Amino acid sequence: MFADLTPLRTSPDYRRLWCGNTISWMGQQMTALAVSLQVYAITRSTFSVGLVGLCSLVPLVVFGLYGGAIADTVDRRKLGLYSAAGATAMSVTLAGAALAGYHRVWLLYTVVALQAVCFAMNSPARTSMIPRLLPTEQLPAANALNSLTSNLGLMGGPMLGGVIVGLWGYQAAYLIDVVAFSGSLYAMWRLPSMRPDQGEGPRRRASVLDGLRFLATRPNLRMTFFSDLAAMVLAQPRALFPAVAVLWFAGDAKTVGLLVAAPAVGAVLGGLFSGWLGGIRRHGLAILLAVASWGAAIACFGLARNLWLGLFFLAVAGCADTVSMVFRSTMLQAATPDSMRGRLQGVFIVVVAGGPRLGDFLAGSVSDLTSPATAIIGGGLACILTVTALGLGRRAFARYDAHDPQP
């Protein structure tokens with residue numbers, strides 16, 4: 001039942017990559033919180049803090065696709081190394097400005113945007129290398145470990161960042177992030193060359209449009225994105241947490257914090273107890289069931305008026321999201337030719353970055369027109385109905401066999 005550690009035991013390259021990414025991701029989340037705190041300290045404006053998220057979202061969406069195309073053209077090891085070095089330089093800039101007492105919002109916004117560009121270049125390169133480091137049967141375990149890294153960072157990074165900023169100031173958080181990036185740089189440095197496999201023909205520059213055309217003709221891969229959008233756009237209650245904390249649970253900011261943390265706790269538990277995922281062959285069916293479970297858990301949360309019961313349903317939703325993510329990532333890696341993996345991972349970044357933001361907008365709009373309960377329950381039910389329709393419309397997706405991956 002516990003997370004399968006086989007990829008860490010069998011592949012030194014993957015072990016270094018995972019450990020380095022875990023350390024650097026924790027540092028990045030510390031920095032993200034420190035930047036938000038610093039922006040608020042300078043401006044005393046929550047709107048200005050909100051712009052920090054916009055400064056990272058736009059480069060992620062724009063450069064995610066191009067980062068994937070570049071990862072299908074050049075040595076992915078070098079791209080990962082250079083982009084990690086760029087992110088390290090951005091943290092050095094933040095630390096230097098804080099130590100020098102140069103507190104300017106425009107600088108923080110610029111660095112955040114450039115950090116997002118580095119991430120958009122690094123992530124497709126790093127993720128598309130994993131199938132070259134591990135056998136196909138170990139990909140579900142590797143993706144479960146990656147999800148554990150992501151969610152532990154999202155949980156622990158801001159907590160550590162808040163403590164460190166409170167004790168030693170912004171510069172301490174930024175300097176720790178600089179040190180944390182050394183793990184990622186070392187892991188990339190030790191990797192062998194990772195040029196994409198483009199067959200026997202002449203090597204040519206990878207095109208974003210070619211990647212989108214490839215995706216348009218691969219129904220199983222398309223379904224992984226459609227199913228995720230069904231969950232993140234239709235049944236994303238995050239924007240309503242401040243309202244429901246007061247209206248349903250008579251709470252305050254601490255209650256909102258619990259609601260925000262609950263899905264992450266469930267996701268971490270899903271990663272810790274992910275050992276059974278490696279025995280599942282019907283990855284498409286598993287995705288459909290996991291997304292439907294997310295929708296059902298969100299709808300049940302909309303019915304709950306006891307805080308602990310609501311937190312339980314949110315944790316269940318987070319666990320279901322981990323299961324979905326593991327199999328969606330595995331299908332993208334196993335069923336995609338190496339020459340297209342970077343571009344498909346770029347699309348993955350765009351969907352993951354943009355889907356929840358669209359979900360926030362939809363949930364907020366429906367809630368204003370009706371009520372938070374209608375928005376949350378209706379969104380959960382809409383997710384279930386949509387993913388059911390997707391499964392019925394593409395029955396071959398439910399029959400997808402991990403032993404014979406067909407895109």
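Ile-70 is part of helix α3; helices are DSSP runs of H or I with at least four residues, strands are runs of E with at least two, and both are numbered from the N terminus. The model is predicted, so local features need pLDDT of at least 70 and side-chain atom pairs count only at pLDDT 80 or more, while totals for chains, interfaces and linings use all residues. Residues are numbered from 1 along each chain as its sequence is written, and side-chain values use heavy atoms, with hydrogens and water left out.

With a relative accessibility of 31%, Ile-70 counts as partly exposed, a class between buried (under 20% relative accessible area) and exposed (over 50%), computed with a 1.4 Å probe on protein chains only. Apart from neighbours within four places in sequence, Ile-70 is in contact with Leu-79 and Met-121, where contact means heavy atoms within 4.5 Å. The C-alpha atoms of Ile-70 and Ala-125 are 8.5 Å apart, although 55 residues separate the two in sequence.

Helix α3 covers residues 46–71; its 26 residues should span 38 Å at 1.5 Å a residue, and this agrees with the 37 Å between its end C-alpha atoms. The expected span is 1.5 Å times one less than the number of residues. At Phe-63, α3 bends by about 40°, the bend being the angle between axes fitted to the seven residues ending there and the seven starting there.

The buried residues of α3 include Ser-48, Val-52, Gly-64 and Ala-71. Among the elements that cover the buried residues of α3 are α2 (12–43), α5 (105–133) and α14 (341–369).

Across the whole structure, a search finds seven aromatic pairs. Rings of Phe, Tyr and Trp (its six-membered ring) pair if their centres lie within 6.5 Å; planes under 30 degrees apart count as stacked, over 60 as edge-to-face and the rest as tilted. The pair of Trp-25 and Phe-119 is tilted, because the ring centres are 6.1 Å apart and the planes stand at 35°. Trp-25 belongs to helix α2 and Phe-119 to helix α5, so this pair ties together parts that are 94 residues apart in sequence. Ring pairs also link Phe-241, Trp-248, Phe-249 and Phe-301 into a cluster.

A charge sits over a ring if NZ of Lys or CZ of Arg is within 6 Å of the ring centre and within 35 degrees of the ring normal.

| Charged residue | Ring | Distance to ring centre |
|---|---|---|
| Arg-104 | Tyr-102 | 4.8 Å |
| Arg-305 | Trp-248 | 3.9 Å |
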